[in-house]
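Please read the following account with the structure open beside it, so that each part can be found in turn.

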Amino acid sequence: MKPNGAASSDLLRLDPELETERITNWIRATVFHALRRKGAVIAVSGGIDSSVVAFLCARSLGNERIQLLFMPEADSSPHSLQLGRMVADALNAKSVLEDISPILAGAGCYQRRDDAIRLVVPEYGPEYKCKIVLPGLLDAGRYAIFSVVVQSPDGRMTKVRLTPDAYLGIVAATNFKQRTRKMMEYYYADLLQYAVAGTPNLLEYDQGFFVKNGDGAADFKPIAHLYKSQVYQLAAYLGVPEDILRRPPTTDTYTLEQSQEEFYFTLPYEQMDLCLYGKDHGISTSDLARASGMTEDLVDRAYHMIEAKRKVAKYLHAPSLTMD
Amino acid sequence: MFGRQRLVVVPTKIAQVGGLVRMLQTIRKFVIDNYLFGEEGTLSDEDSFMETGIIDSTGILELVRFLESTYSITVTDEELIPDNLDSVSKIASYILMKQSASPQTAQAHSFRSSGDTRP
């Protein structure tokens, strides 16, 4: 059920012109003065968040002072690169394509992941496709335990609950992808004396939907204070290409199409946004349910899930600790 | 007749209580070793893992593996709910329920845990 009441959509409405001015001022002050770098490197995935960050940085620093990176790998959807190029074209910005598949293969990313999958699906082979999924939030009150979904070469789909070894093995291996991309971003940052822009929105940042020292690492994060719905509002104002606005959020990490909902949030982002807002602004479950069209039970479960994910995210946010 | 009944019933009850105590100790030790890094603290058998934040979703996967291998049971997807797994005592009740539904498994486990190697 989607939140459809005027009250719920008003909760997260922002003035895009004002917010754009506020963010672009901050980016300039941060990159040029606080960090003393000459521009910004932005990894453009073809998704809404990195596109908005690219548009904001171009507007703030000038399109000649941004470097866009496309970093597909063997499992990426070709559509992602097409969308990324649309951003570069729209901004008339420098861009470079770095296929990270050979680095990932060299690190054993694909081999390690496939070995981990074979712990629970022994027949899994190179021609198979895969993704890992969570049950929906309302799935009979169950714990959020990952399963792997595999598709055999003849199209047969199988879903198997993961063991701890298989789950950790798959996640640890696929995290090479985000960390390799970050390594490449810093290569260009060093080369150009630029700062690396991070692209998480508030939902991702708050809930730990990122890889530590992977996409979670950056010199500045200009939209980490915005709910995902607000990022869409900004995107429309900034003129982000329609194809990107219309694309459902995806992780683009596994060979099977995987939504962010089935990988992490277990609810559509519109509902997650509202629940995060409601929880952080002391709105009771019944009031939020009334305003949003969600059931009170769903809101209650979402509030608990938000708290649980925050506990896990604490480690992800923690810097290297040192003694006094 | 009465005397014979007492002779049979009392040892059975004692064995059941002893089995439950051992089970609680085993589960509790697993939780303390794996989630509290061996530091027992103030964890009671009734403390909610969710409310105390002791176990995350990866921890649940580890817990399920432990229960399935230790008690020779299969935890179904439908059984992955807090009512079954959210505290030491809830886990023990859940295991007892599973074993009573499958007495052969319970008996086999009882032999193993007492060191008896009979099949």
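In this predicted model, strand β5 of chain A, which covers residues 147-151, pairs with β6(A) in the antiparallel sense over five bridges. One place to look for this pairing is S147(A), which stands opposite R161(A) in β6(A). Both strands belong to an open sheet of three strands in chain A, with the order β4-β5-β6 and antiparallel pairing. At its edges are β4 (129-133) and β6 (157-161) of chain A, each of which pairs on one side only. If direction is ignored, neighbouring strands of this sheet are turned by 20 degrees against each other on average.

Strands of a sheet pair through backbone hydrogen bonds, and the pairing may be either parallel or antiparallel. The parallel kind can be followed in another open sheet of chain A, where four strands are arranged in the order β3-β2-β1-β7. Since β3 (94-97) and β7 (195-196) of chain A stand at the edges and each has a single partner strand, one side of each is left without a neighbour in the sheet. For β3(A), the pairing with strand β2 (residues 66-70) of chain A runs in the parallel sense over four bridges, and F70(A) has L97(A) as its bridge partner in β3(A). Helix α3 of chain A, made of residues 48-61, lies across β1 (40-43) and β2 of chain A, and its direction is at about 160 degrees to β1(A).

From the sheets we can turn to the helices. With 29 residues, α7(A) reaches 42 Å from its first C-alpha to its last, which is close to the 42 Å expected at 1.5 Å a residue. Just after this helix, Q193(A) takes a positive phi of about 60 degrees.

How far apart are the axes of helix α12 (residues 269-280) of chain A and helix α14 (residues 296-317) of chain A, and at what angle do these helices pack? Their axes are 10 Å apart, and the angle is about 75 degrees. Because angles of 65 to 115 degrees count as roughly perpendicular, α12(A) and α14(A) are described as roughly perpendicular to each other. On the side of α12(A), the contact is made by C275(A), L276(A), G278(A) and K279(A), while α14(A) brings V299(A), A302(A), Y303(A) and I306(A). Sorted by class, the residues in this contact of α12(A) with α14(A) are six nonpolar, one polar and one charged.

The next step is to consider the chains together. Where chain A meets chain B, 14 residues of chain A are in contact with 12 residues of chain B. The elements giving two or more residues to the side of chain A that touches chain B are α7 (164-192) and α14 of chain A, and α7(A) gives the most, with three residues. By class, this side of chain A has nine nonpolar, two polar and three charged residues.

Finally, the confidence of the prediction deserves attention. For the complex, the predictor gives an ipTM of 0.80 and a pTM of 0.86. Chain B has a mean pLDDT of 79, with 72% of its residues reaching 70 or more.

Notes: Residues numbered from 1 in each chain as written. Chains lettered and ligands numbered in written order. Predicted model: local features only at pLDDT ≥ 70, side-chain atom pairs only at ≥ 80, totals over all residues. Axes fitted to C-alpha atoms, helices over the stretch in contact; angles between N-to-C directions. Parallel < 35°, antiparallel > 145°, perpendicular 65-115°, else oblique. Contact = placed C-beta atoms within 7 Å. Nonpolar A, V, L, I, M, F, W, Y, C, P; charged D, E, K, R; others polar. Pairing = 2+ DSSP bridges. pLDDT = per-residue confidence, 0-100. Expected span 1.5 Å × (residues − 1).
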